[in-house]
Amino acid sequence: MCGIIGVSGVPDASRVAYLGLYSLQHRGQESAGIVAVDPAGDARLHRGMGLVSDVFAEDVLAGLAGDVAIGHTRYSTTGSSVLANAQPILANYRDGPLALAHNGNLTNADPLRADLVAKGSIFQTTSDSEVLIHLIARSEAREPEDQLLDALERVEGAYSLVVTVGRTLYAIVDSRGFRPLWLGRLGNGGHVLASETCALDLMGATPVREIGPGEFLRIQDGEVDRLPSLPAKPARRCIFELVYFSRPDSTIFGRSVDRVRRALGRELAREHPASGADCVFSVPDSSNAMALGFAEEAGLKLEHALIRNHYVGRTFINPTQAARNAKVKIKFNPVREVLAGKNVVVVDDSLVRGTTSRELVQMIRQAGAVEVHFRLASAPITGPCYYGIDTPTRSELIASSHSVEEIRRHLGVDTLGYLSLAGMRRAAGGDPAEFCDACFSGDYPTAIPGDVRGGARQLVPLQPALPV
Ligand code: AMP
């Protein structure tokens, strides 16, 4: 998954982009990058591995002069986690520098790449996004905009894109609109693009509107023009953006993420009440709003029973053998005074492999909780995402091969309740057909490239369950 930013019409565009990337850090922590284009049309790129604050320093931003910029934070879903795959991608193109930053995942990138390689293309990266660059470069259309459209007609899957050709900035969202993208305006006449509205806030931009499925915008000399749309297809917004991925202070797909998450918590409390429990708490931070909704609906006291260490970096050097298997302990610590002797409800947003949650439950019991009732504010995840969310292979998804009762025993909890897909749709509101919920329902809106990441459905041996 990734976060993308575009800026046009402000003197220090790279600094504005930097602020935007800071707000989109949650969408990708592997690498970050900015391309800035100056008034003479020269483009400069800086990318690096790590967090936005690690990659950019004052002198780096000073070297990225220009009034047009795009930026990217990356969490790899295709292609390995190496600097070569960091974005934006910058290429020399017949109409000047071409830069591109992509959020999403192309489902037909492999056959397209094989075809391009057979025709002589030399790839610099293993990411799916570079396929787009080659398709644009090889297009026989005359105008850059037609070349872009030519390339996009050949790719399938999820893409929200910010692209610069020379000094022109483009914003493109695929026809199904899997990933969010917003247009905002700056006070001095400049324009910005951002995956989420939380980034518009930090960049000091006023939200103008969300870019709809299939839209193609051009931003040049302070003007925003709508170009011909991509071929119309039914919208399939990613429901997991609302469940887990986006920040609760953002509005995406016409909905406040916070409001939807509270509604998910309320639906969960209706479907799986835990009468007799003493309190409810979240696994911070992703399920905070859901626990709030659950507590309101169930009339239970909301507690803070798990404290999260916010300074856990991507790599942790284990100082002792004892810490080696303690990944969860590094991130969370229980408040014993809240848990001792209590019957508790734990609300989490989703269950993926079940490994983190299992360790958390052990921690909660060791801190003195008597009964542990685990509640999940989304349905069982039974299939991988091919559209940009980093989910593991099908065989690693615990719910792809185990019943709720088996998972309950694996987690070592007294009761386990998953919100139904119908409950998720009620909480999201609007037309359920508008969403992609393939990871929950198996209803994939595009052809999928075989189960490339998952292989055949396999049974994963579960570790022995804790006594309950
Ligand atoms: P586990 O117990 O190993 O299944 O992990 C569950 C936790 O992973 C939940 O707290 C989720 O908030 C979190 N989670 C869900 N989806 C993702 C994802 N794509 N990447 C990282 N963490 C995730």
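**Exercise 1. Identify which helices each supply at least two residues of the lining of the largest cavity, and characterise that lining.**

Solution. Step 1: the helices are α8 (239-245) and α17 (438-441); helices (H or I, at least four residues) and strands (E, at least two) are DSSP runs, numbered from the N terminus. The model is a predicted one, in which local features need pLDDT of at least 70 and side-chain atom pairs count only at pLDDT 80 or more, while totals for chains, interfaces and linings use all residues. Residues are numbered from 1 along each chain as its sequence is written, and side-chain values use heavy atoms, with hydrogens and water left out.

Step 1: a cavity is, on a 1 Å grid over the protein atoms alone, a set of points where a 1.4 Å probe fits but cannot get out, and lining residues have an atom within 4 Å of a point. The lining of the largest cavity consists of 16 residues, and C238, C385, C436, A438 and C439 are the ones nearest its centre.

Step 2: by class, this lining has 13 nonpolar, one polar and two charged residues. Here Ala, Val, Leu, Ile, Met, Phe, Trp, Tyr, Cys and Pro count as nonpolar, Asp, Glu, Lys and Arg as charged, and the others, Gly among them, as polar.

Step 3: the largest cavity holds about 100 Å³ of space. A volume is the space filled by probe spheres set on the grid points, which are joined across faces, edges and corners.

**Exercise 2. State how many cavities of 30 Å³ or more are counted, and describe the second largest cavity.**

Solution. Step 1: the count is two. Step 2: the second largest cavity has a volume of about 60 Å³. Twelve residues line the second largest cavity, with C2, R74, G104, D128 and S129 closest to its centre. Step 3: its lining comprises two nonpolar, eight polar and two charged residues.

**Exercise 3. Describe how α5 packs against α6 and against α4.**

Solution. Step 1: the axes of α5 (residues 129-138) and α6 (residues 144-154) come within 8 Å and cross at roughly 130°. Axes are lines fitted to C-alpha atoms, for helices over the stretch in contact, and angles run from 0 to 180 degrees between N-to-C directions. The two helices are therefore oblique to each other; angles under 35 degrees count as roughly parallel, over 145 as roughly antiparallel, 65 to 115 as roughly perpendicular and the rest as oblique.

Step 1: the crossing of α5 and α6 is right-handed. A crossing is left-handed if the near helix is turned anticlockwise from the far one by less than a right angle, and right-handed if clockwise.

Step 2: L132, L135 and I136 of α5 make the contact (heavy atoms within 4.5 Å) with Q147, L148, A151, L152 and R154 of α6. These contact residues divide into six nonpolar, one polar and one charged.

Step 3: for α4 (residues 109-118) and α5, the axes come within 10 Å and cross at roughly 50°, so α4 is oblique to α5. This crossing of α4 and α5 is left-handed. On α4 the contact residues are A109, L112, R113 and L116, and on α5 they are V131, H134, L135 and R138.

**Exercise 4. Determine the angle at which α9 and α16 pack, and name the residues that meet.**

Solution. Step 1: α9 (residues 257-271) and α16 (residues 421-428) pack at about 140°, with their axes 8 Å apart. Step 2: α9 is therefore oblique to α16, and their crossing is right-handed. Step 3: V260, A263, L264, E267 and E271 in α9 meet G423, M424, R426, A427 and A428 in α16. Six nonpolar, one polar and three charged residues make up this contact.

Definitions and conventions: On a 1 Å grid over the protein atoms alone, a cavity is a set of points where a 1.4 Å probe fits but cannot get out, and a pocket is an open set with protein on both sides within 12 Å along at least five of seven lines; lining residues have an atom within 4 Å of a point.
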